[in-house]
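Here is a friendly walk through one protein model, written to be read with the structure open beside you. Take your time with each part and follow along on screen.

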Amino acid sequence: MGVLGWYGLMLLLGILCAESKYMVYNTSAGIDARKINVHLVPHTHDDVGWLKTVDQYYVGSNNSIQGACVQNVLDSIVPTLLADKNRKFIYVELAFFQRWWRDQSELTQSIVKELVSSGQLEFINGGMCMHDEAVPHYIDMIDQTTLGHRFIKEEFGVTPRIGWQIDPFGHSAVQAYLLGAEVGFDSFFFGRIDYQDRIKRKKEKSLEVIWQGSKSLGSSAQIFAGAFPKNYEPPAGFYFEVNDDSPIVQDDINLFDYNVQDRVNDFVAAAISQANITRTNHIMWTMGTDFKYQYAHTWFRQMDKLIHYVNKDGRVNALYSTPSIYTDAKYATSKSWPLKTDDYFPYADRVNAYWTGYFTSRPALKRYVRMLSGYYLAARQLEFFKGRSDSWPNTNSLADALAIAQHHDAVTGTEKQHVANDYAKRLSIGYTEAEKVVASSLACLADSKSSTECGDSTTNFLQCPLLNITYCPASEFDLSHGKNLIVVAYNSLGWKRQDVIRFPVVNEDVIVHDSEGRKVESQLVPAVDAYLDLRNYYVRAYLGSNPNAVPKYWLAFTVSVPPLGFSTYTISTSKRTGTGSAKSSIYQFQRGDKSAIEVGEGNLKLTISAPQGKMINYVNRRNLVKESVEQSFSFYTGYNGTDDKEPQNSGAYIFRPNGTYLIKPEQASFTVIRGPLIHEVHQQINPWIFQTTRLYKEKEHAEVEFIVGPVPIDDGFGKEVATQITTSLENNKTFYTDSNGRDFIKRIRDFRTDWDLEVNQPVAGNYYPINLGVFIQDSKKEFSVLVDRSLGGSSIVDGQIELMLHRRLLLDDSRGVAEALNETVCVLDDCRGLAVQGKYYYRFDPLGKGAKWRRSFGQEIYSPLLLAFAEEDGDNWMSSHIPTFSGIDSSYSLPDNVAIIALQL
């Protein structure tokens with residue numbers, strides 16, 4: 001090489017050395033007791049389904065809807081944390097993390113375990129999803145949290161310390177005490193509280209509180225809890241995803257736009273602003289939001305710089321942190337905090353924008369989730385009694401499907417339609433597998449010749465998941481050729497139950513016997529045209545084929561079932577005329593009939609007025625309660641705010657009514673069905689509302705079954721359909737609604753305990769979530785209404801309880817889903833709005849006596865008897881099988897107020 005060559009090489013090296021100014025940022029800052037400490041908490045909020053399905057979000061497909069890929073987030077986080085031991089990150093949604101974890105090599109898993117052990121990566125909340133807090137049942141909340149915590153404990157040997165419910169639309173008392181304090185969390189952070197409440201709390205520095213969600217549990221239910229000043233995102237100007245427009249920290253003096261001091265000044269100003277509304281010298285910045293950190297280096301590069309330069313400036317102290325570190329710092333200050341009781345419902349994010357519509361949105365999905373939740377509880381018990389198999393079939397698939405269905409954009413009904421379909425599909429797949437577990441477990445327990453492994457049982461039990469639409473092939477076969485129908489009723493509760501069960505049959509001359517061969521009183525209730533129409537359409541929709549035989553009757557009879565056990569009954573054709581099931585008498589009342597009709601075979605009597613079927617008198621002969629009751633339907637038209645200065649439509653999230661309209665019965669007739677066990681009143685309110693009021697001989701409540709839909713929209717208006725039950729009780733604006741199926745919380749119309757409410761929506765602003773029930777009371781009586789799924793309700797008028805049953809809307813409410821809540825079902829070219837079938841139950845009690853019924857019967861609604869059917873040739877079932885079984889000693893029964901939440905290995 002010549003002299004020039006050597007010279008050129010040296011010149012090049014000199015240039016490279018001159019340009020190589022590798023900057024080491026000091027990110028090691030800890031807490032400084034003398035300054036405002038800004039805890040930077042890097043996080044991502046990953047919805048387990050919303051605009052895309054859970055799988056689409058994970059792999060990053062369907063990006064025409066939303067550019068989000070959770071796989072990228074988790075792939076990106078690991079090397080970014082390894083690059084600096086001071087960096088930290090929290091992760092929440094275990095449904096995603098589990099998917100990612102199982103795809104990793106042993107080396108990557110080992111590295112991640114080290115990151116968790118060192119505290120750089122911390123699991124917060126720890127459930128499979130960030131469940132909603134308004135509409136899930138508390139058992140579902142426990143189950144999905146348990147699944148996530150179990151995974152974390154098994155894989156990492158740690159337990160989450162902090163609750164992190166940053167996106168649900170309001171926050172429940174049960175979440176605070178049961179899924180917070182009682183879980184063992186040290187603190188609980190959340191994002192969404194009413195805008196009026198937030199303004200007041202910022203002024204009083206009371207965003208952070210000691211929250212006591214349960215009065216009965218006292219101080220053991222207390223937890224340190226904090227609402228964020230605005231939302232769960234960074235302060236304005238501090239977003240650092242690749243495509244975000246916040247100014248980066250440009251600290252290269254040789255380049256244009258050098259802005260270190262400007263960025264430091266912005267940081268300090270934002271920190272002081274937040275410190276002014278926060279107690280102590282510790283504030284938290286949530287550095288992230290939905291599906292961020294897909295390229296994590298862009299965030300950490302800027303946070304490294306901010307920590308370095310802000311701490312060099314010295315006015316405030318910035319540090320990488322987690323909610324656990326932040327909580328410990330708050331505890332260390334030994335400050336006092338305001339006490340918060342009750343909950344944070346309802347939630348409004350601005351004027352005329354109450355997030356109370358989603359309490360009812362997608363009522364069919366809500367019912368499907370609730371039904372499968374109770375089924376899962378029973379299936380796990382049977383799986384336990386038989387012996388769980390790690391291989392297929394087991395209840396794992398249903399557990400996973402139910403877990404993600406509790407997500408705050410799943411069971412809430414606030415997702416896009418294709419995502420709702422995905423949730424339902426996963427639930428259906430999970431049910432199909434769990435159904436096999438139930439069938440094989442019952443066969444094992446019922447087969448007296450089975451081995452301990454139950455591998456040789458030949459009994460084939462069938463079940464009827466579409467019983468609500470009068471479809472049960474297992475019970476609809478012809479018995480006239482000498483076959484018998486075997487019915488097994490399983491009770492998943494801890495106490496003995498006597499209930500009337502019902503299912504469709506095709507034969508008239510049938511007789512029911514129990515396991516001892518004793519005849520059981522039974523009744524044939526005629527099938528109603530409204531339900532047969534529902535059956536024919538929806539069976540084709542679900543199964544792709546027409547149902548075969550049309551059942552003429554529902555067979556009803558009383559069963560007695562031991563706790564955690566089953567009883568067996570035989571249905572056969574009656575040998576002699578007149579010995580079979582009692583046929584119901586039918587009375588049709590037409591226009592012009594002025595008489596009042598009494599129904600009820602037991603203590604409870606209802607007197608119905610003709611011709612419209614308006615209830616006029618309720619009498620319980622046992623407790624001597626008498627009351628007048630009037631039941632009606634109405635609908636609210638959904639508000640169209642498109643042309644308003646501040647647009648706000650009614651939609652999947654938001655309930656904003658634009659007038660209420662009474663639905664007058666168009667057909668002034670009703671039908672009364674009477675029999676020894678059941679009395680029914682059938683009313684066709686209008687072409688799209690049908691109602692049955694049902695009384696059972698041995699029960700002291702009324703059961704109201706309704707079909708609502710398809711809700712008409714040909715007039716161009718969306719509608720929100722409600723029912724009102726009006727009494728003479730003087731409840732003085734006060735009513736009580738449950739919290740996730742547990743505690744009842746006192747509500748006062750147009751009033752909030754924590755601030756002076758400015759009323760701008762007198763209906764929507766008084767709606768609350770109802771999972772179990774609602775009741776009102778005066779100085780003498782209580783009136784309780786229990787429900788079969790979560791929905792919204794209130795007491796808008798004294799003496800009245802209102803429940804919203806169905807919503808069909810034509811406009812989006814501008815909360816991100818970008819889709820109207822207009823559910824339709826199509827069979828070939830026949831598309832219709834969704835029809836919803838459901839039930840609610842009501843009862844009057846003397847003052848102070850209604851709690852037992854609400855609690856015990858509410859548990860029976862959640863855990864109905866599980867029915868399984870089998871065909872038998874001959875009459876030897878009872879002698880060749882075990883007809884009764886109980887998982888606990890026959891002499892023992894749990895108290896009515898003790899619920900078995902889970903029984904599994």
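## Helices that pack together

Helix H12 (residues 363-386) and helix H14 (residues 417-446) pack with their axes 9 Å apart, at an angle of about 30°. Please keep in mind that this is a predicted model. The crossing of H12 past H14 is left-handed. Sorted by class, the residues in the contact of H12 with H14 are 17 nonpolar, 3 polar and 3 charged.

Another pair to look at is helix H3 (residues 70-82) with helix H5 (residues 106-118), whose axes lie 11 Å apart and meet at an angle of about 60°. H3 passes H5 in a left-handed crossing. On the H3 side, Val 78, Leu 81 and Leu 82 take part, and they meet Ile 111, Val 112 and Leu 115 of H5. By class, the contact of H3 with H5 has 6 nonpolar residues, with no polar and no charged ones.

| Helix pair | Angle | Axis separation |
|---|---|---|
| H12 and H14 | about 30° | 9 Å |
| H3 and H5 | about 60° | 11 Å |

How many of the 9 residues of H4 are buried? The count is 7, so the helix is mostly covered, with buried meaning under 20% relative accessible area. The buried residues of H4 are Leu 94, Ala 95, Phe 96, Phe 97, Gln 98, Trp 100 and Trp 101.

## A parallel sheet and its helices

Next comes an open sheet of 3 strands, ordered E8-E1-E9 and paired in parallel. Strand E8 (282-287) and strand E9 (317-320) are at the edges with a single partner strand each, so one side of each has no neighbour in the sheet. On average, neighbouring strands of this sheet are turned by 25° against each other, direction ignored.

Strand E1 (residues 37-42) runs parallel to E8, and 6 bridges join the two. Within this pairing, Val 41 has Thr 286 in E8 as its bridge partner. Helix H11 (residues 323-332) packs on the sheet and touches E1 and E8, with its direction at about 170° to that of E8. Helix H9 (residues 260-275) lies across E1, E8 and E9, and runs at about 120° to E8.

Val 41 also turns up in the surroundings of Ile 90, a residue of strand E2 (residues 89-91). Is Ile 90 buried or exposed? Its relative accessibility is 1%, so Ile 90 counts as buried. Leaving aside neighbours within four places in sequence, Ile 90 is in contact with Val 41, Pro 42, His 43, Thr 44, Glu 122, Ile 124, Trp 164, Thr 322 and Pro 323. One of these, Ile 124, is 34 residues from Ile 90 along the chain, and their C-alpha atoms are separated by 6.3 Å.

## Antiparallel strands

Further along, strand E13 (residues 510-513) and strand E17 (residues 565-573) run antiparallel and are joined by 4 bridges. E13 also pairs with strand E14 (residues 519-520) in the antiparallel sense, over 2 bridges. His 513 takes part in both pairings: its bridge partner in E17 is Thr 570, and in E14 it stands opposite Lys 519. The hairpin of E13 and E14 has 5 residues between the strands, and there Gly 517 takes a positive phi near 85°.

Leu 606 has Tyr 618 in E22 as its bridge partner. Ile 608 lies in strand E21 (residues 604-609). With a relative accessible area of 2%, Ile 608 is buried, because buried means under 20%. The C-alpha atoms of Ile 608 and Val 672 are separated by 9.6 Å, and the two residues are 64 residues apart along the chain.

Terms used. Residues numbered from 1 in each chain as written. Predicted model: local features only at pLDDT ≥ 70, side-chain atom pairs only at ≥ 80, totals over all residues. Heavy atoms only, no water. Axes fitted to C-alpha atoms, helices over the stretch in contact; angles between N-to-C directions. Left-handed = near helix turned anticlockwise from the far one by under 90°. Nonpolar A, V, L, I, M, F, W, Y, C, P; charged D, E, K, R; others polar. Buried < 20%, exposed > 50% of the residue type's maximum accessible area, 1.4 Å probe, protein only. Pairing = 2+ DSSP bridges. Contact = heavy atoms within 4.5 Å.
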